[in-house]
Amino acid sequence: MERACARAGLDPQGAELIRLGENAVYRLREPVIVRVSRTLAYLADVRKEVAVSRWLAEIDFPAIRALRIEQPCIIADHAVTFWESLTDVEDYGTPADVAELLVKLHELDAPAGALGLKPLDPFSRVERRINSNGWFTPEDDEYLRSRLVKLREAYSGLSFSLSSGVIHGDASVGNVIRDREGHPKLIDLDGVAIGPREWDLVLTALYYERFGWHTREEYEAFAQIYGFDVMAWDGYTVLADIREFLMVTWLSQKAAQDERVAAEVRKRIDDLKSGATGLRNWEPY
């Protein structure tokens, strides 16, 4: 981060780490966000994210903006990008905000060829996460690989109700930030793809139905604003199962460095193995 800031002419002193997942995300003292990818295996997605941001800026879509500098910046085995900071403290949107942004996003037609958008592959990062994770026990590794095979098969058999088109890929309240004027903006654009619109609806439903992170009223407002209740679609359970699985493998990337995260990942894996239904006692990250 410091080396990339030096190249970009930005001051890294006092930078605050605000997220750590697929990327390390820092807020600088000046209104700039810096994203550092885990490895260059994510380079194609990083370049796509910048291109998508440029496109959305051109059409004045409410999303985070990449700085108008040449990027990404490649430092060793990392791709670094620079973004306008929307706010000084994370002020997340509501399920209703998510629905309103998705209605607008799903109406868009991406410019042909310019963005390099590919068909959605829900599992594109899973094997990399499993292969590079030395924290899993051999039993965990075997179980996760077996479950991945089953979920791939289940996904391939789905028949979607909504048309395919531009999707965010990871749409939830965690990826909607209210700016300094209180306007909700879409962030984290590296998962933008061409795919079934149901994929963008399932996280809000899952957060309500399996985790209790949203209230019934919040979910009903989300479904009403969007105009489709994904929970009433017969493929919902498959997408919800896939999303749970992805939540486990995503968080597992931090398990070796954080005992609290390790305990949470252990709980999540045990829940998947048990096949238990009902509300999960999972902590949000």
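User: What should I know about the model before we start?
Analyst: The model is predicted, so local features need pLDDT of at least 70 and side-chain atom pairs count only at pLDDT 80 or more, while totals for chains, interfaces and linings use all residues. Residues are numbered from 1 along each chain as its sequence is written, and side-chain values use heavy atoms, with hydrogens and water left out.

User: OK, Arg125. Where is it?
Analyst: Arg125 lies in the loop between α3 (95–106) and α4 (126–131). Helices here are DSSP runs (H or I, at least four residues), as are strands (E, at least two), numbered from the N terminus.

User: Is Arg125 buried or exposed?
Analyst: Arg125 counts as buried because its relative accessibility is 15%. Buried means under 20% relative accessible area, exposed over 50%, and partly exposed in between (1.4 Å probe, protein chains only).

User: Which residues does Arg125 touch?
Analyst: Leaving out residues up to four places away in sequence, Arg125 touches Glu22, Tyr42, Asp45 and Asp190. Contact means heavy atoms within 4.5 Å.

User: And what joins the side chains of Arg125 and Asp45?
Analyst: A polar contact of 2.8 Å. That term means a pair of N or O atoms within 3.5 Å; within protein, one must be able to donate a hydrogen and the other to accept it, and residues adjacent in sequence count only if both atoms are side-chain atoms.

User: Switching to Ile187. Where is that one?
Analyst: Ile187 is in the loop between β8 (184–186) and β9 (193–196). Ile187 is buried, at 7% relative accessible area.

User: What does Ile187 touch?
Analyst: Its contacts, not counting residues up to four places away in sequence, include Arg19, Ile64, Leu86 and His168. Ile187 and Leu86 are 101 residues apart along the chain, and their C-alpha atoms are separated by 9.6 Å.

User: Now helices. At what angle do α3 and α7 pack?
Analyst: About 20°, with the axes of α3 and α7 (residues 216–226) 8 Å apart. Axes are lines fitted to C-alpha atoms, for helices over the stretch in contact, and angles run from 0 to 180 degrees between N-to-C directions. That makes α3 roughly parallel to α7. Angles under 35 degrees count as roughly parallel, over 145 as roughly antiparallel, 65 to 115 as roughly perpendicular and the rest as oblique.

User: What about α5 and α9?
Analyst: Helix α5 (residues 138–156) and helix α9 (residues 259–274) pack at about 55°, with axes 11 Å apart. They are therefore oblique to each other.
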